[in-house]
Amino acid sequence: MTKPYCIGSDEWNGLSKLIEELGELQQVCGKLIGSEGNVDHWSGDLRAKFIEELGDVYASMRFFIMNNFNSDERMQIEIQQTNKYFRFVDWSEETRNAETR
């Protein structure tokens, strides 16, 4: 029997993998911040690692959503992410406009 929260579990299928992948992305983000955005790092190319980890997070999120939520809930998640995306776009534009004044 598969342990709860692991891939294949009946209880929050894939949650542990999602958390793991988020942690790996956080590590890359921390290295980028620590190197002041320089992608040349002693541990390797941070841009390439960032792309890899973003893909892993995206895959684990898709897997988690598809295996734990019904179609109505998945639609609510899609609406929420769309609304939040456009909020980020607005914030970015507001910030850039304020900086050019």
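1. Start of α3. In this predicted model, a side-chain oxygen of N70 comes to within 3.0 Å of the backbone nitrogen of D72, at the start of helix α3.

2. Length of α3. Helix α3 covers residues 71-99.

3. Surroundings of N68. N68 lies in helix α2. Its side chain reaches the backbone oxygen of N13 at 2.8 Å. Leaving aside residues up to four places away in sequence, N68 touches W12, N13 and E73.

4. Packing of α1 with α2. Helix α1 (residues 15-34) packs against helix α2 (residues 46-68) at an angle of about 155°, and their axes are 9 Å apart. Angles over 145 degrees count as roughly antiparallel, and α1 and α2 are therefore roughly antiparallel to each other. The crossing of the two helices is left-handed.

5. Composition of the α1 and α2 contact. On the α1 side, the contact is made by L15, K17, L18, E21, L22, E24, L25, V28, C29, K31 and L32. Helix α2 contributes L46, K49, F50, E53, L54, D56, V57, S60, M61 and F64. The residues of this contact divide into 13 nonpolar, 1 polar and 7 charged.

Methods
Residues numbered from 1 in each chain as written. Predicted model: local features only at pLDDT ≥ 70, side-chain atom pairs only at ≥ 80, totals over all residues. Heavy atoms only, no water. Axes fitted to C-alpha atoms, helices over the stretch in contact; angles between N-to-C directions. Helix = DSSP H or I, 4+ residues; strand = E, 2+ residues; numbered from the N terminus. Parallel < 35°, antiparallel > 145°, perpendicular 65-115°, else oblique. Left-handed = near helix turned anticlockwise from the far one by under 90°. Contact = heavy atoms within 4.5 Å. Nonpolar A, V, L, I, M, F, W, Y, C, P; charged D, E, K, R; others polar. Expected span 1.5 Å × (residues − 1). Polar contact = N/O pair within 3.5 Å; in protein donor to acceptor, adjacent residues only side chain to side chain.
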